[in-house]
Amino acid sequence: MKVLVTGAAGFIGMHVSQILLARGDEVVGLDNLNDYYDPQLKHDRLARLTGKPGFRFVKLNVEDRDGMAALFAAERFDRVVHLAAQAGVRYSLENPHAYIDANVQGFMNVLEGCRHHAVQHLVYASSSSVYGGNTLMPFSEHHSVDHPVSLYAATKKANELMAHTYSHLFRLPTTGLRFFTVYGPWGRPDMALFLFTKAILEGKPINVFNHGQMVRDFTYIDDIAEGVVRVLDRPAEVDAGYDPIKADPARSNAPYRVFNIGNHDPVTLMQFIEAIEDAVGVTAQKNFMPLQDGDVPATHADVSELQDWTGFKPAMPVPQGIKNFVAWYRQYFKV
């Protein structure tokens, strides 16, 4: 297949592209290499793809309407994995327009490209943040997601709604994946594991929010990438059992699906920090702080729908995943 992977220089995009290339697919990787975090890490990820048979890179903003239209017209992709987005919950409090531009306008351009050029399946990144103020655990695709607590979450919910519209109107198969706190080698510098490891190795204190009373369904990058590819290989279908009178958010009479993709084994923030301390061999200095605006105290993914659909089951225990990250971090930064 010829697959467009947007956000190919990103954390998840690089790993997904590697799997697709290894099995012989042609991958067109798109990224704008912006400076939301150090672009050098993005360039280094991209270097792991560049030169491999079947890979080509296109530098482009997804919100560039004309550029995206021209790309889809020229390439005639079979399938699309859309991972490019403005990430981060806190950053959306400071730069809200960046989220509308990249996550809403950019997604619109992807949908239009898929619609007009007979793309067989669009898989796109949603987020566990769509569950917002929900406290019923574990989070299920059958639950309502109408109470976001950050603009980032609202744009991801908007993506799901936009995708459903295109699935309904144009019979475009779309599948949204609600990622749960992805971590591992080559991860983002703004994520907790990266920040904590860096601070501990530098002998600096770490900020522990909500006074440590946080729970997260940390999901290892290799599990995530495998799940994305498995979903890509099984396009969404119309659910013959959909009942419009008792509408279920996880079902549709259009070729549309959304799935949680998580570890289904949440750990407390303090357990997570202890695992980093064990891997680094240093006890962290801790600043206990209140919950940040836009954040939620707990996440826990019910992944039974994804397992039923693809057979996917996450395999990496958190302590081993953290050891793998710390080993990569030491090698990459030579510390």
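User: Before we start, what should I know about the numbers and the model?

Analyst: Residues are numbered from 1 along each chain as its sequence is written, and side-chain values use heavy atoms, leaving out hydrogens and water. In this predicted model, local features need pLDDT of at least 70 and side-chain atom pairs count only at pLDDT 80 or more, while totals for chains, interfaces and linings use all residues.

User: How many aromatic pairs does a search of the whole structure find?

Analyst: A pair of aromatic rings is described by the distance of the centres and the angle of the planes. Rings of Phe, Tyr and Trp (its six-membered ring) pair if their centres lie within 6.5 Å; planes under 30 degrees apart count as stacked, over 60 as edge-to-face and the rest as tilted. The search finds 28 pairs. Tyr131 and Phe180 make a tilted pair, because their centres are 6.3 Å apart and their planes are at 40 degrees.

User: Are Tyr131 and Phe180 buried or exposed?

Analyst: Buried means under 20% relative accessible area, exposed over 50%, and partly exposed in between (1.4 Å probe, protein chains only). Tyr131 is buried, at 0%, and Phe180 is buried at 0% too.

User: Which kind of pair do Trp186 and Tyr332 form?

Analyst: Their pair is edge-to-face, because the centres are 5.3 Å apart and the planes are at 65 degrees. Trp186 is buried at 10%, whereas Tyr332 is partly exposed at 22%. Both belong to one aromatic cluster, whose members include Phe194 and Trp328.
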